[in-house]
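Have the viewer open and follow along.

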Amino acid sequence: MSSSVTYTATLEIHRETVEYLSALLAARRTELGTRSGTRALSTFDHAVLVLRWFLDGTRIRQLAADNTISRSTAYEYLHEGIDVLAAQAPDLAAALAEAKAAESEHLNLDGTVIRTDRISTPGPNGADLWWSGKHKHHGGNIQVLSDPRGFPLWTSHVRPGREHDTTCAKAAEGLLPLLEQAAAETGLLTLTDLGYENLSPAIRTPVKKPKNAQLTDEQKAYNQVIRGVHAIAERANSLLKTTFKALRRVSLDPWRISTIVAAALVILRLEHGRHT
């Protein structure tokens, strides 16, 4: 007698999102010249496999068992799904154009560390490359640009967790020049926390308390406004991590975090009716 138990589960996602990913996978198979009937799963079932991993963090061995495929095939299908989704993510120029079209009053920039199971990797001066001293675990730093309501518009390439937000923002290709261009052309400023102090004229941070001195009443009021308005940036990071269990701990190559987060952003935009 079998000791396994079969049950029915529901994936909490719009069917349109599954069909969208299925269409992307079908286009990918056509591009590769895949012959009909040579894949173990239909594009729809393939899409469900990928979305189960993102939303529920379902383990590969479970996805493989549920679809009667090998683990290596499940990994192959997962990475293919991640890649076709990430290719649809808006680049920074498109995200800024979207913000301008929406007449956003400002933007928010904040970093988030995606936890990873990556083992210790030697970095500069012998430091552990992926270890985040602030968060006390291994992870990859992703910069998230969001609108005034705290919805993520764009995510950066990953940087090792040991790097600070300022270093990661500098390393993000085109980020500072494009933010400065937007500020110069439309007055669209970007709010951040003190971690980005003196980084760019397009960025506004709270005023740092001087050594052996006190902030003036005007500076305190300014800080209260900046922090109050910028606080909603935490919603953008929270939306990504609470929606997708896969982003709470990534067991794949940490350099893949960039692509994984970009793919998650596309799914999030689809679910909120913001993807075009």
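Is T68 buried or exposed, and why? Keep in mind that this is a predicted model, and then look at the number: T68 has 73% relative accessibility, and since anything over 50% counts as exposed, it is exposed. You'll find T68 in the loop between α3 and α4. Its backbone is worth a click too, because T68 is not a glycine and yet has a positive phi, near 55°.

There's another residue of this kind further along. N198 sits in the loop between β6 (190-191) and β7 (203-204), and its phi is positive as well, near 60°, again in a residue other than glycine. N198 is exposed, with a relative accessible area of 76%.

Now for the inside. In general, nonpolar side chains tend to be buried together in soluble globular proteins. Here the largest nonpolar core has 49 residues, and L21, W53, F54 and L85 are the ones with the most contacts inside it. Two or more residues each come from α1 (15-32), α2 (43-56), α3 (60-67), α4 (71-86), β3 (137-146), α9 (233-243) and α10 (257-271). Of these, α10 gives the most, with ten residues.

Setting aside neighbours within four places in sequence, W53 is in contact with T58, L63, L78, I82, A246, L252 and I260. Apart from this core lies another one, of 20 residues, among them L92, L176, L179 and L188.

Two of the contacts of W53, I82 and I260, also turn up where α4 meets α10. A helix pair like this is described by the angle between the axes and the distance between them. For α4 and α10 the angle is about 65° and the axes are 8 Å apart. The crossing is left-handed. On the α4 side the contact is made by I82, D83, L85 and A86, and on the α10 side by T259, I260, A262, A263, V266 and I267.

Next, turn to α9. Its buried residues include A233, A236, N237, L239 and L240. Seen down the axis of α9, the buried residues fall within an arc of 150°, so they line one face of the helix. What covers them includes β1 (107-115), β3, β4 (152-155), α8 (217-230) and α10.

Within α7, L175, L176, L179, A182 and A183 are buried. These cover an arc of only 125° around the axis, which puts them on the same side of α7. On the other side, P177, A184 and E185 are exposed. Recall that L176 and L179 are also among the residues of the 20-residue core. After α7 comes G187, whose phi is positive, near 75°.

One last stop is H135, in the loop between β2 (131-132) and β3. At 37% relative accessibility, H135 counts as partly exposed.

Key. Residues numbered from 1 in each chain as written. Predicted model: local features only at pLDDT ≥ 70, side-chain atom pairs only at ≥ 80, totals over all residues. Heavy atoms only, no water. Buried < 20%, exposed > 50% of the residue type's maximum accessible area, 1.4 Å probe, protein only. Helix = DSSP H or I, 4+ residues; strand = E, 2+ residues; numbered from the N terminus. Arc of directions from axis to C-beta. Core = buried A, V, L, I, M, F, W, Y, C linked by side-chain atoms within 4.5 Å. Contact = heavy atoms within 4.5 Å. Axes fitted to C-alpha atoms, helices over the stretch in contact; angles between N-to-C directions. Left-handed = near helix turned anticlockwise from the far one by under 90°.
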